[in-house]
Each structure stands twice: as structure tokens, then as C-alpha cells.
Amino acid sequence: MPPFTVLHVCMGNICRSPMAERLLALAVRERLVRREQDPARAEELLHSHSAGTGGWHAGEEMNPPAARQVIGRGGDVEGFAARKLRSDHIDAADLVLTATADQQEYVVALRPDAAARTFVLGEFGRLLAAVDTSALPAAEATPEAVYARGVALVAAAHDARLGASALPTDDLDDPWGRGDQCFNRVADEIEETVHPLAGALLP
């Protein structure tokens with residue numbers, strides 16, 4: 001059911017997955033602006049949220065260098081609070097994007113039926129390039145159309161991987177405790193997937 005829901009997963013939910021959560025939401029707002037539509041409607045069309053495999057940072061704000069990356073790219077960090085991944089988060093997601101292959105395995109071990117909609121973020125970005133978006137349901141800025149197109153896009157990406165595993169280069173480095181330059185590189189890598197994703201949903 002709409003809205004199309006994307007769950008981002010990393011370890012502590014204060015660096016990589018919050019950046020992905022907010023940068024995808026920003027990318028959807030930017031697509032709406034490009035279509036001369038109200039960006040405030042983004043949340044009606046796509047729900048982007050995140051969680052961590054560990055709960056030791058639960059309730060904390062985004063790590064400051066991660067927040068700087070989101071804000072510096074035009075996003076917002078308001079209202080963010082880290083949380084531990086629960087199985088119901090996975091059940092409610094139409095697409096699960098993990099920072100690493102280890103976290104993908106964690107998600108699938110928790111919910112085996114989510115395997116076909118769970119990808120390493122970099123892997124999903126690679127697979128998107130192989131999807132024929134012209135074969136997807138019609139692109140319209142309505143909750144129902146974005147949901148239908150998103151579900152079909154995930155199914156096509158799953159078919160495109162043909163049982164192949166993610167590559168080591170698909171993993172996002174953990175920038176925790178490292179400098180702004182590392183956070184900047186990781187945020188760039190996140191955008192390499194979330195921008196094409198938003199573009200495929202709202203061309």
C-alpha cells in the first residue's frame with residue numbers, strides 16, 4: 001500500500017543509514033520541483049526511514065559530520081532519532097537498502113521473505129542501470145502510481161541480479177570517527193544510488 005516505503009539499514013543508525021534516509025527524501029523533493037509540483041507532497045509519495053542492526057545509539061541524533069553532509073546538500077535532519085531495527089520495520093518496507101552485505105544478511109536472517117526486496121545500497125544502484133524503466137508502470141506523481149512503479153522497479157532489480165551476490169565494492173565504508181572528507185565520500189556514494197532511484201520513480 002502507498003506510500004512506497006524504503007528502509008535504510010546500517011550498524012548504529014547515526015551515520016550511513018540516516019544520510020541515505022534524508023538524501024533519498026531530498027532527491028524525491030527535487031524531482032517534484034523539476035516536475036513543477038509541490039515538494040511538500042514528497043512524503044505522500046515515498047516514505048524514507050532507517051534503523052540500525054545495533055541499538056546502542058537509540059534515541060540519539062545523527063552524528064554531526066553526517067548531519068553536516070545532509071544539510072550541506074540541501075536536506076534536513078530535524079526530528080531524527082536513531083533506533084534499533086525491528087522485524088516489523090522490514091515487514092512494512094517495499095525496499096530495504098543496507099550499507100553492507102553483512103547487514104543485508106542480517107535483514108534476510110531476521111525476515112527471509114524479504115530477500116527479494118533487500119539489497120546492498122551500492123548493489124541496487126548498479127542493478128538500476130540494467131532495468132528497462134520503459135517497461136515499468138506509468139510514471140505519475142500520485143501515491144498509487146509511485147507505489148506501483150516502485151514495487152515493479154524492485155522486482156526488476158531482483159530479476160537483474162540473477163542470484164548473483166553483491167560485490168565488495170557495493171559496501172559503504174563506515175565513516176564513524178573519521179573526518180569530514182570520509183563522510184563526504186560516503187554521502188557521494190549514497191547519492192549515486194538515491195538520485196537514480198528517485199529519477200526512476202519520478203522521471
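How many bridges join strand β1 to strand β3, and do these strands run parallel or antiparallel? In this predicted model, β1 (residues 4-10) and β3 (residues 95-98) are connected by 4 bridges and run parallel. Within this pair, Leu7 is positioned opposite Val96 of β3. Both strands belong to an open sheet of 4 strands, arranged in the order β2-β1-β3-β4 with parallel pairing. Its edges are formed by β2 (46-52) and β4 (118-120), each of which pairs on one side only. On average, neighbouring strands of the sheet are turned by 25 degrees against each other, direction being ignored.

An unreviewed UniProt entry places the feature "domain: Phosphotyrosine protein phosphatase I" at residues 4-200. In the model, this span is 48% helix and 11% strand, and its end C-alpha atoms lie 13 Å apart.

The interior was examined next. In soluble globular proteins, nonpolar side chains tend to be buried together. The largest nonpolar core comprises 49 residues, and Met19, Leu95, Ile190 and Leu197 have the most contacts inside it. Two or more residues are contributed to this core by each of β1, α1 (16-34), α2 (42-45), α3 (64-72), β3, α6, α7 (143-161) and α8 (180-201). Helix α8 supplies the largest share, 10 residues. When neighbours within four places in sequence are left aside, the contacts of Met19 are Ala66, Gln69, Val70, Phe183, Val186, Ala187 and Ile190. Apart from this core lies another, of 9 residues, which include Val9, Leu85, Ile90 and Ala93.

A polar residue, Asn13, was also considered. Asn13 is located in the loop between β1 and α1. Because its relative accessible area is 0%, under the 20% limit, Asn13 is classed as buried. The Asn13 side chain makes a polar contact with the side chain of Ser50 at 2.9 Å, and the backbone nitrogen of Arg83 is likewise reached by the side chain of Asn13 at 2.9 Å. With neighbours within four places in sequence left aside, Asn13 is in contact with Pro18, Ser50, Ala51, Gly52, Phe80, Ala81, Ala82 and Arg83.

Note on methods: Residues numbered from 1 in each chain as written. Predicted model: local features only at pLDDT ≥ 70, side-chain atom pairs only at ≥ 80, totals over all residues. Heavy atoms only, no water. Pairing = 2+ DSSP bridges. Axes fitted to C-alpha atoms, helices over the stretch in contact; angles between N-to-C directions. UniProt positions renumbered as here; feature names shortened; annotations may be inferred. Core = buried A, V, L, I, M, F, W, Y, C linked by side-chain atoms within 4.5 Å. Buried < 20%, exposed > 50% of the residue type's maximum accessible area, 1.4 Å probe, protein only. Contact = heavy atoms within 4.5 Å. Polar contact = N/O pair within 3.5 Å; in protein donor to acceptor, adjacent residues only side chain to side chain.
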